[in-house]
Amino acid sequence: MNARSPFARALRAFLRNPVAMAGLVVLALMVSASIAGPALYGVDAFDIVGAPMTPPDAEAWFGTDYLGRDILAAILVGGRATMLVGITAALISVTIGTTIGALAGYLEGAADAALMRITEFFQVLPALLFAMVVVMLFRPSLVTVALSIGVVSWTGTARLVRAEFLRPVGAAMLFEGGLSFLGLGDPNVISWGRMIGQNRAYLLDAWWTVTFPGLALFATVMSVALIGDGVNDALDPRSAA
Amino acid sequence: MNAAAWILRRLTHAAGLLLAVLVLNFLLIHLAPGDPAMVIAGEMGGASLEVMAKIRAEYGLDQPLPVQLLRYLGRVLMGDLGHSFYFNRPVAALVAERMGPTALLVVSAILVALVLGTWLGILAARRPRGVAAQMVAVFSVAGFSAPVFWTGMMLLLLFASALPIFPVSGMSDIGRPKQGFAHVLDVAHHLVLPAMTLAMVYMAQYSRQARAGMLAALAADYIRTARAKGLGERRVVYRHALRNALIPVITIAGLQFGQVLAGAVLVETVFAWPGLGRLAYESILRRDSPTLLGILLGSALLVILANLLTDAAYRLADPRMRGI
């Protein structure tokens, strides 16, 4: 065995993992499409570019929605909210979770017991329903959505370490998708979940309106999960070949 | 600890949790920006100052907060969860009526996910480097990553539209009989797609747990003993290893009941399944907060019940747990 640093060894293991690398490529593609895509594509996601529910063609590659707006243009913009909220919410969730987890492990007696009760209390409330109530009562915006996802979903993160951080990011992106799908996202911001929710009624007549935004969300979350697994394996000394 | 003392302790514990949920419900109403009287007046379509004062007196909103909390707890104990603006019915009746379909959906999804997930996990564990194991691994990540509301719609496109095998929405057909075996079949027919959609997410997670549990169990000494005394491989895997491999899977399944319930909100919305989730969606559309808070309380109650049952099942299944 070579005398290399643990970091170099882990990096090598990660770079040699084809599945993790595929995830990295897909994620890089989704992130750069979200950053540069809207300007390069040049179609405003709010503009009506054709007849409602036009199937995919040379004009609009992913077709148009129930109002005649370009689906691809909306997908390019819509990733920003999902990614931004996903990362922020996961940071909040992990910060609360690890702080409470560490405190409960360090403290003894009544304080430890109180923290365990608080954890149990949050586990009893179905996170999505809890977030729905909070967002509805406090008016939806990117900030309230990210905060409420972070506050309701930290119990799963109390024992996370290192690379596992990427799991909550994926989960938070799905969470944001669910809230937006239900109409509880920021009303001024396009997001993938919201596109699916708005076109829901036209699913059987215009499959493309729902299928493509969902594929974008699916691919992004899956790439994050694959990278996370890859990093985990690379850092795990037991999996070293 | 004997059984009676154990049950009493668990029930006290559950009651404490429920009380905490109630206090949270109460605080959420009062912490939210805006005057509740104004909200109620708004739902009524606007009101004068005089009417607002009347609403305050009627709902006790002019009393100090602790007094209001006690009154609220008193009302809930009497089974009064408030009144739905939109449905114009008591929230308690609405929630009670929708609990059955949700419980049916959630329990079927968990059972399907447990059986298929365990089977996939065993498949992957028996030949860890085989093709099947790789496919199970991919499926497990995909199941975690696919948005459940989108998966449901894709299944609708495939199995209700392209191949019209299953109905698009609802829990039963209007023309069919509403009782007897024909009704059971009708509901089962409507249940397949929503339950599969919901099961898919958890099947993926349980297959991971089952695989890990099975790998650990198959490496244990008692498995070597079982093989050494000449037992068939099938018997070794399903009789000896499975029992211990299942413990972590059941732990996860019990803990996740609340999450599955939340997933049901999205699935019910997609398939127009008449449960708590669909009710939650409808009450969001109408900004009907008493109903939404009632649903939060009802679902917390279901989760507490599920946790009690999981604990009891443990105590029965594993004698080592009885000391705790």
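Into which domains is chain B divided? Chain B splits into domain 1 (3-77) and domain 2 (97-323), with bounds that come from an automatic or database domain assignment. Before we walk on, a word on the model: it is predicted, with local features needing pLDDT of at least 70 and side-chain atom pairs counting only at pLDDT 80 or more, while totals for chains, interfaces and linings use all residues. Residues are numbered from 1 along each chain as its sequence is written, chains are lettered from A in the order in which they are written, and side-chain values use heavy atoms, leaving out hydrogens and water.

Where its two domains touch, 14 residues from domain 1 of chain B and 12 residues from domain 2 of chain B take part, contact meaning heavy atoms within 4.5 Å. Together these domains bury about 1,100 Å², 75% of it on carbon and sulfur atoms; buried area here is the accessible area (1.4 Å probe) that two parts lose on being put together, summed over both. On the domain 1 side, W6(B), L18(B) and N25(B) stand out, supplying 41% of the area that this domain buries against domain 2 of chain B, more than any other three residues.

Polar links between the domains can be listed briefly. There are 0 salt bridges between them (a side-chain nitrogen of Lys or Arg within 4 Å of a carboxyl oxygen of Asp or Glu). The rule finds 1 residue pair in polar contact, both at pLDDT 80 or more (a pair of N or O atoms within 3.5 Å; within protein, one must be able to donate a hydrogen and the other to accept it, and residues adjacent in sequence count only if both atoms are side-chain atoms). Helix α1 (residues 3-31) of chain B gives the largest share of the domain 1 side, 12 residues; helices are DSSP runs (H or I, at least four residues), numbered from the N terminus.

Now turn to the meeting of the two chains. Here 41 residues of chain A are in contact with 50 residues of chain B, and the area buried is about 4,200 Å², of which carbon and sulfur atoms give 81%. In chain A, V124(A), L129(A) and M136(A) lose the most area to chain B, together 15% of what that side buries.

Across this interface the rule finds 1 salt bridge: D229(A) pairs with R208(B), their closest N and O atoms being 2.9 Å apart. On the chain A side, α4 (109-124), α5 (127-138), α7 (166-181) and α9 (208-235) each give two or more residues, and α9(A) gives the most, with 11 residues.
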